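Please look over the sequence and the model below before reading on. The paragraphs that follow lead through selected parts of the structure, one after another.

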Amino acid sequence: MKTPDIFKVEDFATLRAKFVEFVRTNAEAERDTAFAESMVETLENPSEALAWWTDQVIRWTQHNTRENNYGALQQFAQTATEDDAIDLVCARLGVERQVIQKEDLTAVPPKPLIKESNESMLLRYALAPHSLSTTGTRMGYKFHSLNVGHKPLITVESVSETEILLRFKFSESLSQLRPKDAEARTPQPNTGKIDNHILSWEGDGTPSAELIESVHSYITRPDIAQETDEVSTKAATIKRYQIHLRVTEHNEPTRLIERAEFESALRQYASDNHRLDHDVLRSVLDQIAHNHKAKTVEVVEPSNDVLCDWKEAAYCESVRVDYVG
């Protein structure tokens with residue numbers, strides 16, 4: 001995989017040329033053209049001490065940039081934002097971006113390629129080093145539910161008195177069905193009973209029977225499941241709602257609402273909270289409106305906060321804003 005631009009260090013000649021041009025521009029602005037040309041001539045004369053000093057600064061800048069890039073890689077889950085960079089580093093732990101929907105240009109309407117979001121991939125990346133080799137814990141169930149097919153089937157067989165065969169069998173499927181979110185709890189403490197609820201990437205998040213079976217068969221494999229757990233894999237409960245706001249604007253050209261950005265922010269809030277155990281709050285909708293320069297805000301819908309527990313997810317059916325006066 002190619003090194004993403006965010007981690008590339010420019011070559012010495014390019015950096016030096018940029019620095020010289022920077023000096024020229026500032027010298028002309030602060031002094032005059034003659035002074036600027038004199039400074040550039042000095043910097044481009046290899047026998048001048050100032051030119052030698054400039055070379056050392058450029059080399060130090062390159063070295064410092066490389067060190068900063070290395071530091072960024074070490075704290076990647078908190079700092080990375082570029083798709084290529086995320087793919088590059090996550091691959092070091094065997095975490096690959098999942099395909100949510102394959103591209104099909106022959107379909108009507110055509111289906112675009114949809115891949116896993118950066119946020120979802122970084123969550124799996126953050127979990128990967130912690131060796132959640134089996135289920136049992138809440139995080140263990142979540143990790144393996146979100147990583148269906150990632151781990152090969154591991155079996156151990158004694159073939160002789162002195163030989164033990166450890167076999168790794170990887171899935172032959174290149175497009176495993178995986179959920180968007182998963183949460184597991186025990187409905188009856190100390191019984192071994194586990195309810196594992198999953199949310200789909202499709203539609204309102206209701207998982208298909210095929211997805212439920214895909215997750216269940218994976219997390220109950222003998223090399224992943226706890227022997228004492230009795231697991232039931234179930235669909236998340238979807239709580240549908242609509243966003244409908246009525247807002248007024250300030251009567252000033254510089255304080256008008258950017259309507260497209262405002263409505264996009266509302267949709268993004270709804271999308272971010274289409275997860276298990278995430279609430280949709282009327283107060284946040286009000287704050288988003290004020291952040292986008294609304295003068296007054298009336299949250300028509302939802303009429304109450306959409307509160308979800310660990311097995312529930314909120315799904316926004318529509319976003320509507322009425323601009324009044």
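In this predicted model, helix α7, which spans residues 138-146, is mostly covered, with seven of its nine residues buried. The buried residues of α7 are Gly140, Tyr141, Lys142, Phe143, His144, Ser145 and Leu146.

Ile58 has its place in helix α3. Its relative accessible area is 6%, and residues under 20% count as buried, so Ile58 is classed as buried. Along the sequence, Ile58 and Arg16 are separated by 42 residues, yet their C-alpha atoms are 6.5 Å apart in space.

Trp52 also belongs to helix α3, which covers residues 49-74. Here the relative accessible area is 54%, and because the limit for an exposed residue is over 50%, Trp52 counts as exposed. Together with Leu50 and Trp53, Trp52 makes a nonpolar surface patch of about 360 Å².

A further exposed position is found in a loop. Glu96 lies between α5 (83-90) and β1 (99-101). Its relative accessibility is 62%, and since values over 50% count as exposed, Glu96 falls into that class. The C-alpha atoms of Glu96 and Glu116 are 9.4 Å apart, while 20 residues separate the two in sequence.

The strands may be considered next. Strand β8 (residues 237-249) runs parallel to strand β10 (residues 312-324), and eleven bridges join the two. One of the positions in this pairing is Lys239, whose bridge partner in β10 is Ala314. Strand β8 also pairs with strand β9 (residues 294-301), in this case in the antiparallel sense and over six bridges. Arg246 has Glu298 as its bridge partner in β9.

The aromatic rings remain to be described. How many aromatic pairs does a search of the whole structure find? The search finds zero. The charged end of Arg259 sits over the ring of Tyr323, at 3.9 Å from the ring centre. The charged end of Arg59 likewise sits over a ring, that of Phe12, with 4.8 Å to its centre.

Terms used. Residues are numbered from 1 along each chain as its sequence is written. This is a predicted model: local features need pLDDT of at least 70, side-chain atom pairs count only at pLDDT 80 or more; totals for chains, interfaces and linings use all residues. Side-chain values use heavy atoms; hydrogens and water are left out. Patches are made of residues with over 30% relative accessible area and no salt bridge: like charges are joined within 9 Å, nonpolar side chains (Val, Leu, Ile, Met, Phe, Trp, Tyr) within 5 Å. Accessible areas come from the Shrake-Rupley method with a 1.4 Å probe; for residues, only the protein chains shown count as cover. A salt bridge is a side-chain nitrogen of Lys or Arg within 4 Å of a carboxyl oxygen of Asp or Glu. Helices (H or I, at least four residues) and strands (E, at least two) are DSSP runs, numbered from the N terminus. Buried means under 20% relative accessible area, exposed over 50%, partly exposed in between (1.4 Å probe, protein chains only). Rings of Phe, Tyr and Trp (its six-membered ring) pair if their centres lie within 6.5 Å; planes under 30 degrees apart count as stacked, over 60 as edge-to-face and the rest as tilted. A charge sits over a ring if NZ of Lys or CZ of Arg is within 6 Å of the ring centre and within 35 degrees of the ring normal. Two strands pair if DSSP finds at least two bridges between them.
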